[in-house]
Amino acid sequence: MTTRSDRISGYYDQTLETLSLEDRAAYQNGELEKIVQHAYANAPAIRKKIDDAEVKPDDIKSVKDLERLPITHKHELAALQEQDPPFGGFLGLPMDRLRRICMSPGPIYEPEETHSRNDRWTQAFFAAGFRKGDIGQITFSYHLVPPAFWFEDALHRLGCIATPGGVGNTDLQVRMMHDLKVTGYIGTPSFLVNVSKKAQEAGYDLERDLCLEVGFVAGEMLPESLRDELEQGFGMLLRQGYGTADVGCLAYECYYKDGMHFPYNCIVEIVDPDTGRQLGPGETGEVVATVFDEVYPMIRFGTGDLSYFTDEPCQCGRTSNRLVKILGRLDQVTKVKGMFIHPGNADEVAAKFPEIDKYQVVVSREAHVDQMTFTIELKEGVEPVEELAGRIEAAIPESMRVRGKVKFVQKGTIPEGHKKIDDTRKWD
Ligand SMILES: [Zn+2]
């Protein structure tokens with residue numbers, strides 16, 4: 001039987017997950033050179049992208065060199081595929097090498113052959129605590145879209161058994177988990193909440209009658225309060241991963257859940273959406289991915305998600321940088337005093353102060369200088385004192401890297417269904 005400590009220690013690939021900074025750079029630069037050459041020779045869309053940037057494939061020798069190439073955004077893929085069906089010129093191998101083609105909303109078609117994407121999910125599953133012999137129930141859709149298949153492959157690679165639950169049928173899924181003594185959950189956090197409700201309605205004790213010990217969730221935010229509730233309720237470990245249907249896994253949590261590690265076999269940049277330049281630790285920008293995937297070699301693929309990374313060491317011993325948190329979508333971003341701010345950053349500030357009932361960030365411009373104001377309605381009985389305003393003002397730059405002022409307002413001032421960030425600047 002797998003014990004709790006087995007689920008915490010070890011690596012899927014110790015050598016590659018614990019490379020030194022220099023060795024990782026050498027490994028990734030080598031893989032990058034190979035995939036750029038391969039894609040240039042085989043995928044017309046990538047060849048055009050490189051030619052249009054007036055760059056030679058030989059010029060791309062390091063992660064830094066990627067800055068010379070434009071970013072291909074997810075919203076462009078559907079149009080590119082329509083112009084040049086079915087894969088928009090991104091297919092890097094002959095059709096007869098494919099084993100599966102999925103369809104994501106767009107529609108966007110995703111070809112699959114090689115295993116590198118799935119290897120990234122396998123790293124994620126191992127880090128989450130899945131081990132040989134687990135029975136993992138996959139509650140993602142098995143229709144059209146790729147994730148359920150990827151996760152099934154990852155389970156098989158670890159020597160686990162998959163039970164294909166798919167979407168819905170919660171009563172049956174609970175029954176299956178109980179009867180087969182399923183040890184692993186793969187799905188969204190919200191479906192696990194449904195499982196917990198239905199299991200209790202069926203008279204099961206979550207910990208005694210179900211055998212869930214480990215879970216991997218994706219596709220939704222996982223608030224820490226919900227994680228705690230589910231981990232305690234089921235007596236399980238619950239870890240999350242991040243990726244997209246186009247490029248697969250880009251980051252995953254380890255036992256220490258202190259951000260999400262980048263897999264060794266892809267390059268994740270955090271990029272200034274205006275300039276395409278790479279940003280450093282703690283700076284908010286778009287998540288841009290390059291994957292070493294010969295069949296669908298996405299080079300500088302812009303996910304449209306905003307995040308920031310840390311290069312602080314992690315207790316697990318994996319040496320890759322980690323995404324701290326997905327803050328939201330690029331289209332909700334606002335630039336203040338040259339820094340990108342996002343509703344997710346503002347939520348971080350508000351979360352530190354239980355006194356806050358409701359807030360809105362107002363961005364304005366006075367004498368050609370951007371101003372950011374947290375307009376705040378306080379909870380019943382909380383006094384709008386200077387001292388509280390001072391503490392909130394001190395917390396704002398920690399999460400947003402821009403200073404802001406606090407303005408307390410009467411209850412009912414902030415309209416229902418308000419935008420979290422209201423940009424009132426006029427540029428004419
Ligand atoms: Zn770690």
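Reader: Why is Asp423 called partly exposed in this structure?

Author: Happy to start there. Asp423 has a relative accessibility of 32%. Buried means under 20% and exposed means over 50%, with partly exposed in between, so 32% puts Asp423 in the partly exposed class. Please keep in mind that this is a predicted model.

Reader: How do you know that Arg425 and Asp423 form a salt bridge?

Author: Their side chains meet at 2.8 Å, N to O. A salt bridge needs a side-chain nitrogen of Lys or Arg within 4 Å of a carboxyl oxygen of Asp or Glu, so the pair qualifies. Arg425, at 10% relative accessibility, counts as buried because that value is under 20%. Elsewhere, salt bridges that share partners join Arg99, Arg100, Glu112 and Asp153 into one network. The whole structure holds 36 salt bridges.

Reader: What makes Arg97 and Glu113 a salt bridge?

Author: The closest N and O atoms of Arg97 and Glu113 are 3.4 Å apart, which is within the 4 Å limit, so the pair counts. Arg97 sits in the loop between α5 (74-83) and β2 (100-104), while Glu113 is in the loop between β3 and α6 (116-128), so the bridge ties together parts 16 residues apart in sequence. At 38%, Arg97 is partly exposed, whereas Glu113 is buried at 18%.

Reader: Lys358 and Glu416 also pair up. Why is Lys358 called buried, and why is Glu416 called exposed?

Author: Lys358 has a relative accessible area of 17%, under the 20% limit, so it is buried. Glu416 reaches 71%, over the 50% limit, so it is exposed. Their salt bridge spans 3.2 Å, N to O. Lys358 belongs to strand β17 (residues 356-366) and Glu416 to the loop between β19 (405-408) and β20 (421-423), so this pair ties together parts 58 residues apart in sequence.

Reader: Now the metal site. What makes the arrangement around the zinc ion tetrahedral?

Author: The four donor atoms subtend angles of 101 to 115°. For comparison, the ideal angle for four tetrahedral donors is 109.5 degrees.

Reader: How do you know that Cys254, His261, Cys314 and Cys316 are donors of the zinc ion?

Author: Cys254 (SG), His261 (NE2), Cys314 (SG) and Cys316 (SG) lie 2.1 to 2.3 Å from the zinc ion. The limit here is 2.8 Å for N, O and S atoms, so these four count as donors. Along the chain, the donors follow the spacing C-x6-H-x52-C-x1-C. His261 is buried at 0%, and Cys316 is buried at 13%.

Reader: Why is Thr72 called buried?

Author: Thr72 has 6% relative accessibility, under 20%, so the label buried applies. Thr72 lies in strand β1 (residues 72-73). Among the residues it touches are Lys49, Leu80, Phe90 and Ile299.

Reader: What makes Tyr109 partly exposed?

Author: Its relative accessible area is 32%, between the 20% and 50% limits, so Tyr109 is partly exposed. Tyr109 is part of strand β3 (residues 108-112). Together with Met95 and Ile101, Tyr109 forms a nonpolar surface patch with about 270 Å² of accessible area.

Terms used: Residues are numbered from 1 along each chain as its sequence is written. This is a predicted model: local features need pLDDT of at least 70, side-chain atom pairs count only at pLDDT 80 or more; totals for chains, interfaces and linings use all residues. Side-chain values use heavy atoms; hydrogens and water are left out. Patches are made of residues with over 30% relative accessible area and no salt bridge: like charges are joined within 9 Å, nonpolar side chains (Val, Leu, Ile, Met, Phe, Trp, Tyr) within 5 Å. Accessible areas come from the Shrake-Rupley method with a 1.4 Å probe; for residues, only the protein chains shown count as cover. Helices (H or I, at least four residues) and strands (E, at least two) are DSSP runs, numbered from the N terminus. Buried means under 20% relative accessible area, exposed over 50%, partly exposed in between (1.4 Å probe, protein chains only). Donors are N, O and S atoms within 2.8 Å of the metal (3.2 Å for Na, K and Ca); water is not among the atoms, so sites may look incomplete. Four donors count as tetrahedral if all angles lie between 85 and 135 degrees; four count as square planar and six as octahedral if opposite donors are over 155 degrees apart and all others between 65 and 115; anything else is irregular. Contact means heavy atoms within 4.5 Å. Lists of a residue's contacts leave out its neighbours within four places in sequence.
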